[in-house]
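Reader: I am new to this structure. Please take one part of it and walk me through that part closely, step by step.

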Amino acid sequence: MKKTTMAGVEPPCSEFVNWEVESSVCTGLKQEKQLSASQRRCYSLCRRKSFATFVASMKDGTSWCCCGQTFSEHSAIHKHVAKSHNFEIQQLTQAAYEHLIKRLEEEAETQPTDGHMAEAADISAWIPDINQVSEEQLRSGPGKVLLYYRYCHVDEPRAVCAWQKALCEKLHLTGKIRVAAEGINGTVGGTNVATDFYIGAMLSHPVFKMDKEDFKTSDGGAECFTELKVGVYKEIVPMGVDPNIVSYKLAGVHLDPEEFHKEVEAVLTEGNSSSDTILLDCRNFYESKVGQFTRCLAPNIRKFSYFPDYVDQNLELFRDKKVLMYCTGGIRCERGSAYLRSKDVCKEIYQLKGGIHKYLECFPEGFYRGKLFVFDERYTISSNNDVISDCRYCGLPWDQYELCSTQVCCQLVLSCPSCRKKGYTACCPSCQTKVETQHKETSDTRHPKEECECTDTRARIPQDV
């Protein structure tokens, strides 16, 4: 078994703070606070990769062996490494960071000097002429939120990113857009005039070859997002698996809402006696908690990057089964179904084309009950009056999310108005006790996002077999 530990170095047992490396603060270098934002992102990336490499080096078959102990759960080995091998992770991170910075500097030196000029010309060619409308029409008035994605080959992701940023700024749109070599994924909000211009610009771009039906819309506007974020990424939806290894091209069979509705109806008609078909919700637990299809399997995962591990640990659950998969707008099903297909255990795999969004347009009172969670300031939208979740404190029906009231937590909490009036505004008792002391913290204090009972007591990857 290969070892990542460095000869002659005895790692200290540092106090366990946060084993979720992807959300931890970078503590490896004293000078890190002096780094720029982009440098800190690079350092954080190196830390995540170093942690993953270290953990992988301990794997022995289906378990992990380290320090004379055997670990069978991801969460257990992650906690052990974070607690006992922090010093080694810091050294690996430092070496990886220096190598990455050197490589980026070398690549920058080889870039042609006229690259930015060519990119600017390409950007301006795809910015629509909006001289016929006023700034007032772009800034105020009835609005909506768009949700869309397109998998396709993008030769110049950074040029597309620059174009998207310029386009959205000109139309006064806010939201989040991910661009990658495998395509584009976005949700933006603005006035009806501005969003119509945006759709027109997307439809006219030859790279994406989109149709108007590819855009899911809901009532809203620019106020639904706090800012505009546009960036280039490895994946347009973060599953954590290299797109070159598991491609969207391996996705399951697409079913339009009418076809999917009939399939779900057949499952419900058969009743619990039939276990041949699994209706799989591939969203996060807090999404399915407030809305889901009747009799679905909703994994208790916190983020989509945990979905591959969930599949791996529950393969027997899917063996020889017909799977009907769904998500918010369809994009997670593209990669999720591809990953499940790569395991070659399912009899058939289907996915809901256009996601829950499109289904609710056709069947607002169909088999999906409750709210639809959205990743903006609205948190949820609805098409029916069902409330399928409860207040965390009193147990009465309630499905309106709020952020935990502590500064050290980013979890969502379901607390009804009556309980909120009593001061129950945190996600769990441990966070509730921090409300009284959070104002004593200095503005420079950094906290891990995962430090409460909600996350510490929930298995990172549940087993549903």
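Author: Start with one pair of residues in this predicted model. Leu147 stands opposite Thr187, which belongs to strand 6. Strand 4, residues 143-151, is joined to strand 6 by nine bridges. The two strands run antiparallel.

Strand 6 has another partner. Strand 5, residues 174-180, pairs with strand 6 over seven bridges, again in the antiparallel sense. Within that pairing, Arg178 has Asn185 of strand 6 as its bridge partner. Two residues lie between strand 5 and strand 6, and the two strands form a hairpin.

How enclosed is strand 6? Its residues are 183-191, and nine of the nine are buried. Strand 6 is therefore largely enclosed by the rest of the structure.

Strand 9 runs parallel to strand 13, residues 348-352, and three bridges join them. Leu255 finds its bridge partner in strand 13: Leu352.

Next comes Phe293, in strand 11, residues 291-293. Its relative accessibility is 0%, so Phe293 counts as buried. Leaving out residues up to four places away in sequence, Phe293 touches Phe260, Val264, Leu279, Tyr326, Leu352, Ile356, Tyr359, Phe367 and Tyr368. Take Val264 from that list. Phe293 and Val264 are 29 residues apart in sequence, yet their C-alpha atoms are 8.5 Å apart in space. Leu352 is also among these contacts, and Leu352 is the bridge partner of Leu255.

End with helix 12, residues 331-342. Its twelve residues reach 17 Å from first C-alpha to last, close to the expected 16 Å. Ten of the twelve are buried, so helix 12 is largely enclosed by the rest of the structure. Among the buried ones are Ile331, Arg332, Glu334, Arg335, Tyr339 and Leu340. Just after helix 12, Asp344 takes a positive phi of about 55°.

Technical notes:
Residues are numbered from 1 along each chain as its sequence is written. This is a predicted model: local features need pLDDT of at least 70, side-chain atom pairs count only at pLDDT 80 or more; totals for chains, interfaces and linings use all residues. Side-chain values use heavy atoms; hydrogens and water are left out. Helices (H or I, at least four residues) and strands (E, at least two) are DSSP runs, numbered from the N terminus. The expected span of a helix is 1.5 Å times one less than its number of residues. Buried means under 20% relative accessible area, exposed over 50%, partly exposed in between (1.4 Å probe, protein chains only). Contact means heavy atoms within 4.5 Å. Two strands pair if DSSP finds at least two bridges between them.
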